[in-house]
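Subject: Structure for your files

Hello,

The structure is below, with the findings after it. Please read it with the model open beside you.

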Amino acid sequence: MTETPMPSEVLSVVQPVAARMVAERRGSKVWEAESKEHGRVAVKVGAPIEEERGYTALAPAREASVLHALGRPHVAYGTWERGTWSVQPWYDGDGLWPLWPGHRSDASAPIDYLTAAECVEAVDRLHSDGWCHGDIQPAHLIVTGERDGVRLIDLAFARGGTVKNLYDFPYPGCLVHYEAPEISRNVLATGRAVPSPSADVYALGASLLISATGKRAMVYPDDAERPVQRQAVVDNKRRPFDLPAPFGTVTDAMLSYEPYDRPPLSHVAAEFRRAAKEAKRDH
C-alpha cells in the first residue's frame, strides 16, 4: 500500500492494508480503506479552513457522535493536532447524481420512481427517529441495491438528539443549491440557522430535481458567492421546469417557499411508489 497522509492517530486504529482517497474539499478528507480489524471503512479527517468555518475541523467527530446517539454503526473517533477524525463502515453504492444520467440527457426518458421513493423513505426514517439531516444533497443519498434501499450518509450537521459538547457547533447552513429559503434567510441575517424536517423536504426536492434535470432549483450565476446565492433563494428566483407528473408536481410541492406548504414525506413516498408500480405494469 502506498503511504497515505492519514494522521498517526487514525492509522493506529485503522491499520489499513489498502486505502484510496475519495474526497478532499473544504477542510475534509475521506478515504475508503480496508482495515485489518474492521473490514472496509470510511475514514474522515477534518481540519479548519477559515476562522469562521472552524466547524470543518469538528465535523467528523460530530458525525460519529450523531451515529452513536442514533444507535447506528461506527468504529471510532477522536482528535488529531488540527481537528477531529472518525472511522465508520463503508457502504457500497452510488450517489443519486451518477445514477440518473438518462433523464438529464433525454427529457423523454422515464423517471426512476423506485429509487426516488427509496430516497424519500430514507429521509423519512431519520425524521421518525426524531432527527433532521441538515445537509441533504445527491451525494449523501447512497443507493445500495440492498434491502434497505438507500443509505443516508454524512450526518455531521444532523440535529435532534444529544451530541458531545466537545464536538458540537452551530448549524452553518449547507450547500445553497439545496438550502431552503428560511435557512438562507437566517444565515444571511445571523450567520447560522436551525435545520428542520421541512427544510430537509426542500433539500430532498432540490436533490431530486438537479439529479433528474442537471439544473438547480434557483437561478444565480455559476460563480456567484454564497451570499449572492442565498439572496436568490430568499428572493425565490425559481427556475421553471417541466417534468412529468407525479414527479414534477410532487417535486414542485417539496420546493414550496413556505415550510408549511411542503408535503409530508409519507405522501411523497406513496406517490412515487404508486408511479413505480404503474410504470412497471405499463411495461
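This is a predicted model: local features need pLDDT of at least 70, side-chain atom pairs count only at pLDDT 80 or more; totals for chains, interfaces and linings use all residues.

**Helix α5**

Residues are numbered from 1 along each chain as its sequence is written, and side-chain values use heavy atoms, without hydrogens or water.

After α5 comes Gly-130, with a positive phi near 90 degrees. Helices (H or I, at least four residues) and strands (E, at least two) are DSSP runs, numbered from the N terminus.

**The sheet**

An open sheet is formed by 5 strands with antiparallel pairing, in the order β1-β2-β3-β5-β4. Two strands pair if DSSP finds at least two bridges between them. At the edges stand β1 and β4 (76–80), each with a single partner strand, so one side of each has no neighbour in the sheet. Between β4 and β5 there are 5 bridges, in the antiparallel sense; Gly-78 has Trp-85 in β5 as its bridge partner.

**Pocket and cavity**

On a 1 Å grid over the protein atoms alone, a cavity is a set of points where a 1.4 Å probe fits but cannot get out; a pocket is an open set with protein on both sides within 12 Å along at least five of seven lines, and lining residues have an atom within 4 Å of a point. Grid points are joined across faces, edges and corners, and a volume is the space filled by probe spheres set on the points.

The largest pocket holds about 1000 Å³ of space. It is lined by 44 residues, of which Arg-25, Val-30, Lys-44, His-140 and Asp-154 are the closest to its centre. Elements giving two or more residues to this lining include β1 (16–25), β2 (28–35) and α2 (55–70).

The whole structure has 1 cavity of 30 Å³ or more. The largest cavity has a volume of about 60 Å³, and Gly-134, Tyr-171, Cys-174, Ile-183 and Ala-199 are the closest to its centre among the 13 lining residues. Helix α7 (residues 197–213) gives the largest share of that lining, 3 residues.

Regards
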